[in-house]
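User: I am new to this structure and would like to learn how to read its ligand site and its domains. Please take me through them.

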Amino acid sequence: MTTSSTIAIVGGGLAGAKAAEALRDNDFDGHVVLFAAEDHLPYERPPLSKEYLAGKKKLDDFTADPAAWYRDHNVELRLGTEVTAVDAAEHTLALPDGTTVGYDKLLLATGSASRRPPIPGADAAGVHYLRTIDDAAALSAALTPGSSLAIVGAGWIGLEVAAGARGRDVKVTVVEAAHLPLLAALGAEVGEVFAKLHREHGVDLRLDQSVQEITTDNGTATGLRLGDGSTVAADAVLIAVGAAPNIGLAEQAGLAIADGGVLVDASLRSSDPDIYAVGDIAAAQHPFFGARIRTEHWANALKQPAVAAAGMLGKSAEYDELPYFFTDQYDLGMEYVGHAPEYQRVVFRGDVAGREFVAFWLDADNHVLAGMNVNVWDVLDDVKALIRSAEPVDPDRIADPAQPLSIR
Ligand SMILES: Cc1cc2nc3c(=O)[nH]c(=O)nc-3n(C[C@H](O)[C@H](O)[C@H](O)COP(=O)(O)OP(=O)(O)OC[C@H]3O[C@@H](n4cnc5c(N)ncnc54)[C@H](O)[C@@H]3O)c2cc1C
C-alpha cells in the first residue's frame, strides 16, 4: 500500500472508528475514507441502555473520537452517507447520490440493526427499538416517572432497559418467550439469577409468553396482548428481541457468508482478498477454539480493527482474543469471557444469592469453556488462564473460594 492507495471503511460504529485509528497508528499515509450512515460521529453503544438512560452520560462521553481527530489524522469522514453497493471486481463503492468511490482495500464494519418481528401494531407510535443514540433519546423521553413500559424480550438490552427504567420509577413488565431470561446466552443456571434480580427490583417478568399484538388506540400503543389472552397496559413498548447483522452489502458483493455474518479467516479477511470484515458482522475463524465464532460484543468492535488494519497493510496478524462481554443492571456488574454454546454443567464459586460469585461453564471433561464474574473483580485474568490452559479442572476446587483460582 502506498501514499496513493485508498482504504475505505464502511460503517461508522466503534469498529469503523477503531479501524481508522489503527490504520494511522500503523503509519499508513494513504487515503482513508470512513462512510457512516448515521449523522453522528462514531460512538459506543453499550452506554445507550445503561449510563445514558440513567442520565449519567451523554453522547459526548461515549463518542469514539472528536471531530478534530478525523481532521488531524486526515481521515475523510462521510457522515450520513450509506454505501449502497460494492463492486468487488471494479473495486468501487456506490453512494446514494449516484457517484462511486474507488478503493484498494475495503473494510466492512456495518454492524447490526434491531430485529423487527412482524407483530401486529408494531408500527404504532410509542413502540421503540434500541440501537442508535436517536433511538435512545426517544426511549429516554418516554420514560417519565410513574409511566409504564412493556418490554418484549428478556435479553441483554431488554433487561438493561428494565433496570434503567426501574431506576426512573417506571413500572416495567418484561415478556419473554423462553422460560428464563438470557436462556440462550447463559443457560438456565445463570438465567435464574437474572430472573430473581429483576423480580426483586419490582419488574413484572412474564416468562413462557408470546406477544400476539401490540394494542393501540388511535395509532398509539397502549400495551400488549399475550398468547394466553392476558393484556399488559403500557404507555410505551420496547421491542428488544435481538439484532440482525447488516450483511446486505457483503451478500451483494458476492462474499462468502456463514453463521449469518461475513465469513472471514483469523486475519479477518473475507473470501475476497481485498475485503476485510470486523465487529458484529464478522464470522471469524478463532485460532484457540478452532471454530468459527460470530458475536455481537463491544470488545470485538474495539479490538478486531487493529488486526484487520494490519492485514490490509500486508502485515500478518490473527484475532485470537477470547470472546468477552459485560453488563450492568441495578447493582449487578458482571464480565463474561469464553465461549460455551454447549456445556455439561455450571459450577458456582461464592455467594450466588448475594450476587457475588464466579460461574464456570464446564464441558464433560471438566475443561472451563467460559466464566462469568458477578460483582467480583480482578479475577478475569485467572478465568482466562483457566480457559486457555485447556486442561481439566477439579470442579470442587474451583467452587471453593478458599482455594486459589488456578488449575492445581
Ligand atoms: C443498546 C446496546 C447496548 C449494548 N451493550 C453491550 C454491552 O454491554 N456489552 C457488549 O459487549 N456489547 C454491547 N452491545 C453490542 C455492541 O454495541 C456491538 O457489538 C457493537 O456496537 C458492534 O460494533 P460495530 O462497529 O461492529 O457495529 P455498530 O455499532 O452496529 O455500527 C455499525 C455502523 O455502521 C453503519 N452502517 C451500516 N451499513 C452501512 C452502510 N452501508 N454505509 C454506511 N454505514 C453503514 C450503521 O448505521 C452503524 O452506525 C450493545 C449494543 C446496543 C445496541
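Analyst: What follows covers the ligand, then the domains. This is a predicted model, in which local features need pLDDT of at least 70, side-chain atom pairs count only at pLDDT 80 or more, and totals for chains, interfaces and linings use all residues. Residues are numbered from 1 along each chain as its sequence is written, and side-chain values use heavy atoms, with hydrogens and water left out.

User: Which residues come nearest to the ligand?

Analyst: A residue is near a molecule if one of its heavy atoms lies within 4 Å of it. Here 36 residues are around the ligand, and E38, R45, K50, R131 and D280 come nearest.

User: How is a polar contact read, and which atom of R131 lies 2.8 Å from the ligand?

Analyst: A polar contact is a pair of N or O atoms within 3.5 Å. For R131, a polar side-chain atom is 2.8 Å from a ligand oxygen. W298 instead places a backbone N or O atom 3.0 Å from an oxygen of the ligand.

User: How much of the ligand does the protein bury?

Analyst: Accessible areas come from the Shrake-Rupley method with a 1.4 Å probe. The ligand alone exposes 1000 Å², and the protein buries 93% of that.

User: Where does the ligand lie relative to the domains?

Analyst: Domain bounds come from an automatic or database domain assignment. The ligand lies between domain 1 (6-112 + 244-313) and domain 2 (116-241), because both give residues to the shell around the ligand. The assignment also gives domain 3 (331-399). Between the centres of domain 2 and domain 3, taken over C-alpha atoms, the distance is 29 Å.

Technical notes:
A polar contact is a pair of N or O atoms within 3.5 Å; within protein, one must be able to donate a hydrogen and the other to accept it, and residues adjacent in sequence count only if both atoms are side-chain atoms.
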